[in-house]
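Thanks for coming, everyone. Have a look at the model first.

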Amino acid sequence: MSCCHYQPTGDGLETAFTVDASRITFGRGCLEELGDRASALGMTRVALFSDAGVAALEVFDTAHRSLRAAGIDIIEYTDVHVEPTDESFTRAAAFASEAEPDGYVSVGGGSVIDTAKAANLYATHPADFLSYVNAPIGGGAPVPGPLKPHIACPTTSGTGSEVTGIAIFDLLSMTAKTGIASPALRPTEALVDPDCTDTLPAQVVACSGLDVLSHALESFTARPFVRRGAPDRPSLRPMSQGANPWSDLGSREAMRLLGSYLERAVSDASDREAREETMWAATLAGIAFGNAGVHIPHAMAYAVAGQVRGFHPDGYPGSAPLVPHGMSVILNAPSVFRLTASTNPQRHIEAAHHLGADVSDAGQHEAGAVLAEHLVGIMRAVGMPNGLSAVGYGEADWARLADGAWPQQRLLQNAPIESDKASLAQLFEGAVRYW
Ligand SMILES: [Fe+2]
């Protein structure tokens, strides 16, 4: 390995990394391939997952038509909860157990794809709900075997769920976001069709694009895999294995594409090139973070989204309080990267460069400020709120938000720095206002 970032660092620590990825088909119109691809995987009776909003769109008809043309029976489940919960996962699993499909297709955003993963898991390997959920909230039990084949068809350019083995949900009894993480959950194939994003509102493109940006940036700056303890057995190596050369490839290119195209994709829905490149960046960053893992900005985001009181953004349906996932992530990011830059200033400067900053005069000691300022510039350009104060948080909330982020140990331990509740509270305070 040419880069000293990945030189082995000591006894008992990791010396290897694993690359996992779904088969991906990318390109305009590729959703038409769905029926043929489902057939090729041996599917004859498909559980088709979506939500009520997406089910009303042409993209859902396209999926339906393609499956029917291949002679495949369809059992629809369009009751997916946007921002799924343990209850909505359990309902979907009950549907799948009864329907007994031999394959799964999900058409929608991260909520839909994650719900199909969970339904597939619990219908294939029934267990007490919390047993597979990430520790310390759940038992963290390994998935005992493969799931039924699943083709994921994302309709937003954000979560990357189509290429990861992670399913995120709200655990209602704890008002906490957590998830299930296992390579077995990774969809068998992804059909990534940029035609699906042409009708997305600007604010949705902005939030999902900034989620992608943070996936790339967090994967790139995560604790290097050589500084994680080696697993007892190689097959137990976690998906959040830390920064690694494979994930760096996708992260660098995703950052470069977003630096060039995100603002255009947000400001002009008819800019097909920009929307397509943003979707390709989402796919690359999804592959990157599916193998490296994200860290502190996402851990903090789950608290920001979970404790929202009154904020509701333009462009999102309904009026219930909501901080969209990508917004809840990016609001923390400048505060976090100001702090983590000291762990590897060169890497943070390089990230700013990929995102389009002029770093020709940047000294090592300025790395955090340079990256944070550039992120803030991108946030302003695509209409993000001005820090956590603009979504309703203030001085009295930092400790409670830190309590909310603390259970996200899988993410916090993947960070390049150690944290505790006091340092998390400081990071929330640092995100209060940016301009
Ligand atoms: Fe995310």
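Let me start at the end of the helix. After α3 comes G71, with a positive phi, near 75°. Keep in mind that this is a predicted model.

Next, the two sides. Which residues of α3 are buried? They are V59, F60, A63, S66 and L67. Looking down the axis of α3, these buried residues fall within an arc of 130°, so they line one face of the helix. The face turned away from them carries E58, D61 and R68, which are exposed.

What do the buried residues of α3 pack against? Their partners include helices α1 (34-40) and α2 (52-55). Strands β2 (45-49), β3 (73-77), β4 (103-108) and β5 (150-154) are also among them.

On to the sheet. It is open, with 6 strands in the order β1-β8-β5-β4-β2-β3, and the pairing is parallel. β1 (23-26) and β3 stand at the edges with a single partner strand each, so one side of each has no neighbour in the sheet. On average, neighbouring strands are turned by 20° against each other, direction ignored.

Zoom in on one pair. β2 and β4 run parallel, joined by 4 bridges. Here F49 stands opposite S106 in β4.

Last, back to the helix. α3 packs on this sheet and touches β2, β3, β4 and β5. Its direction makes about 155° with that of β4.

Definitions and conventions
Residues numbered from 1 in each chain as written. Predicted model: local features only at pLDDT ≥ 70, side-chain atom pairs only at ≥ 80, totals over all residues. Buried ≥ 20, exposed ≤ 12 C-beta atoms within 10 Å, placed from the backbone. Helix = DSSP H or I, 4+ residues; strand = E, 2+ residues; numbered from the N terminus. Arc of directions from axis to C-beta. Contact = placed C-beta atoms within 7 Å. Pairing = 2+ DSSP bridges. Axes fitted to C-alpha atoms, helices over the stretch in contact; angles between N-to-C directions.
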